[in-house]
Amino acid sequence: MYPVRVLRDRLRALTRRARVVADIDEELRHHEDRLAERLAAEGLTPDEARRQARRRLGNAVALREAAYDVRGGGLVEAFFQDVRYGLRLLRRSPAFTAAALATLAVGIGANTAIFSVASGVLLRPLPYPSADRLAMVWMDNARISLREDWHSFPNYADYRAQNTTFEDVAIFNRTARTLTGEGDPDRLSGAYSSANLFDVLGVRPAQGRAYTAAEDRPGANDVVLIADGLWQRRFGGREDIVGRTIQMSGRSLRVVGVMPEDFAFPTRETEFWVPTAAPDDLRTDRGSLWLQVIGRLKPGVSVAQAQADLERVNAGILERFPQQKGYGVYVAGYRDQLVGRVRPAILVLAGAVGFVLLISCTNVANLLLARASARDRELALRAAIGAGRGRIVRQLVAESVLLGAAGGAAGLGLAWLGLSALVGAAPADLPRLEAIGIDGRVLAFAAALSVGTGFLFGLAPALQLARTNPGDVLREGARTSGGFGRSLRRAFVVAEVALAVVLLVGAGLMLRSFDRVRQVDLGFRPDHVLTARITLWGDRYDEPARVVDFFRQVLARVEARRGVAGAAGVGTVFLSPTPYSMNFSIEGRPDFPFEQRVEVPVDAVTPAYFRVMGVPLRRGRTFDDRDTSTSTPVVIINETMARMFWIDEDPIGRRIKYGSLSSRSPWLEIVGVVADTRRTGYDAPVRPETYLPHAQAPDSAMMLVVRTTSEPEAMLAAVRAAVQSVDPGMAVHGGASLESLLGEMTAARRLNTLLLSVFAGVAVLLAAIGIYGVLAYSVEQRARELSVRIALGASAPRLLRLVLAEGLATSLAGLGIGLAGAALLSRSMSSLLYGVTPTDPATFAVTAGATSLVAIAASLPPALRALRVSPVDVLKRI
Amino acid sequence: MRPQTNADQLHGTLDMLVLKTLAAGPQHGYGIAVRLQERSADVLQVEEGSLYPALYRMEQRGWIAASWGLSENNRRARYYRLTRAGRRQLEAETDSWKRLAGAVARVLEA
């Protein structure tokens, strides 16, 4: 019953406080009246009696408070009171409040936004059951130093049959088909897979069923699973879709099911799934690498254990097939796979905004300290009346928490805006982009941050208060500036400057990296080039001559258009990181031993390719009309290949063939050497590459490259028209300018650099405000000292130097610490840098110079104000 | 309580004395203080700062119950009366106090 009554009293006090107070007052007044009566009856005068009675009641306020403590609202009410008082205070000094709120909103908002990204990309679980048990199994291809290469079918079968650590493994890879039928032909991205893929992932179709193992063989595989998006977009979400037959690349496929809306494996763009249906020859060919493998680990099995297990299986394969030498296995967690490459950048950004928040807190703490000094007397008075010191500290902290909460709310709004912009500007291939948003975890983070920072910067004035004696403050007429507060403020500024310097160095390094990346010579001219992909399908194009003819006609028609300077075709592996590669042998030299075999990309190109792309020819000739299906087979190599394998000789006229010396592929005569190109990205290494004439290697999937005189995208319609005029059933897809494709490659780097620069800029601004604020306050404090100096004849320059010295001293201290810290920390971001070392001297020097300038600029206004101090006014105030 | 006795160091002692006072009949705060002073021959003079918080605490504990009434001079006053639980508490506290006093006396006699 006791706790119930306590609760009842507290609640009553919260809701009807006035009543409770009135009750207590009335009771105490009754006591006082009766006491006064009795004293009067004992002989005192009424006034004297009243006075004595009152004195007996003691400190009325304390008495009432003690009584109220038992019956009153307790801590909760005290908290509400503090909050209300805090609100009133904040309203009374709007400038301070606005400054503090703005600073906090920026700090908390930026942190919340970045945390949303980190939470969505790195933390949020994947939409598969027990997703942490999914792992990718790659082929570690030591021959071309590619750790994540694809598998052959027989190797996959061996892994599946002989492993002990996986529940099951499945194969898949990306593919594309042209959907025809009602409407325009549509080139769709999709995937083929083994029937057990969906079991491995743990996802069931929303409608119908997945395909079965029986359907996963040639002849029985005329089935397809489609995505929800495709079902809505192309088939209007019709009810009878399951069982319908659709036309894909000339084949009739029966729709057996529709996948759920949020299923997006292997990529966001996948719109259909078909059985792999590997033909018999590929089932036994260990040399064709065309499959990706994903598996579900058994419960409790780690990735390391799976790696060891599969390495054991692989060792068995190598024993039986020594020519597999150089092919290993590499197991990686699926989530790591997805997000591993963006994790460093996200962590660096998180660290950067953390710094910005620290600087914000420091600024607000300084503001609060300055204000606390101004309230010295008010607080001392309250302490003297009897408000416990603990109570005052609690009230100060409540104020700060209130400020933090308000700043956090504003920051949340900023974060929401910023996130929309961020998601819009994010590179399209950012993994888990769809998982980024303000969810419960992010809200909790923002709330914790607001309250936490409130506590943090509320400590500063509370600590200062704890060290002052109320008696001293009240006794002394003039103000005291707590020496402790002053050195605390200066320490804060040093910290702010140091943090800002670290951010500046980081941003500077990123900027220089970005610059270096853009200066990389790609080896071709990317401007004014339109790209578009065409994939031929249908029985008609089983004949190579038809393929060659198709492209020749299309290119001729495109080139005939006005606004086109040239058109050519190249295999669609252009700009892909895993190109179609073969190892090769050189005539007159022995076979390479397995370990030294080099695999080179093979690209089919039309004759005009090098001219259109602006790739210089170094030796010999490019392809032309004399290279036909019946003429001598020829090949063109790049400079690096020539340099690597024909050190002192001219490769022109030599012959190579793909495969080993005993393979049945034809000998190819080298007719030309072209300059190196970086086709897989700015920061990709240059590798040996080979090109074949399209007429001799009629690839039915090609990328058109069209050099235009004006904007590339403007010619897309013309290209489409040309294709339609040659064969209306063929789709043109992925029309984009080459520059935009390359831009996408640097999109991530550009965004990171931009963000880091923005954060550094904000940090510098806040630090400058901090320097200014502290210095301005210091000038006010030292007004007396300065005016005495002026009265004694100090000159203006001397005064300036005096004030500036203080500002610069703190700034330089911060600069030194910051540079040292940056030197240590920048190592952790070296994976993001390109072409610059983490301790790049130029960046550090520029940062030091810029910081010094900012420090001087921030110190000048208060210094100038010091000059205008009027000694008479100041000395009068004493 | 004035320093003659250190008894008021313990809440419990004050509680017990108040409960005993109320055993004689309902009374308001001032009346309790007067009665205590009279019965102890002026030795015990309760400080108001201790009395009222103690009263409120005991009320929350259910040992006394309060209601507003008219005092001797027709003024509104808050009257407290002993409850059954309060009576039991008084007995318990009195017993333990007597035991304590007896033990102290024996030690002092030795």
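Mentor: The largest nonpolar core has 93 residues. Those with the most contacts inside it include A:Val356, A:Leu503 and A:Phe759. This is a predicted model, in which local features need pLDDT of at least 70 and side-chain atom pairs count only at pLDDT 80 or more, while totals for chains, interfaces and linings use all residues. Residues are numbered from 1 along each chain as its sequence is written, and chains are lettered from A in the order in which they are written.

Trainee: What makes a set of residues a nonpolar core?

Mentor: Its members are buried Ala, Val, Leu, Ile, Met, Phe, Trp, Tyr and Cys residues joined through C-beta atoms within 7 Å. Buried means that 20 or more other C-beta atoms, placed from the backbone, lie within 10 Å of the residue's own.

Trainee: Which residues does A:Phe759 contact, leaving aside its neighbours within four places in sequence?

Mentor: A:Phe759 is in contact with A:Ala110, A:Ala352, A:Val353, A:Val356 and A:Leu503. Contact requires C-beta atoms, placed from the backbone, within 7 Å.

Trainee: How many residues does each chain give to the contact between chain B and chain A?

Mentor: Chain B gives 17 residues and chain A gives 21. Helix 3 of chain B gives the most to its side, with eight residues. A helix is a DSSP run of H or I with at least four residues, numbered from the N terminus.

Trainee: What is the make-up of the side of chain B that touches chain A, by class?

Mentor: That side has five nonpolar, six polar and six charged residues. Asp, Glu, Lys and Arg count as charged, Ala, Val, Leu, Ile, Met, Phe, Trp, Tyr, Cys and Pro as nonpolar, and the others, Gly among them, as polar.

Terms used: Buried ≥ 20, exposed ≤ 12 C-beta atoms within 10 Å, placed from the backbone. Contact = placed C-beta atoms within 7 Å. Helix = DSSP H or I, 4+ residues; strand = E, 2+ residues; numbered from the N terminus.
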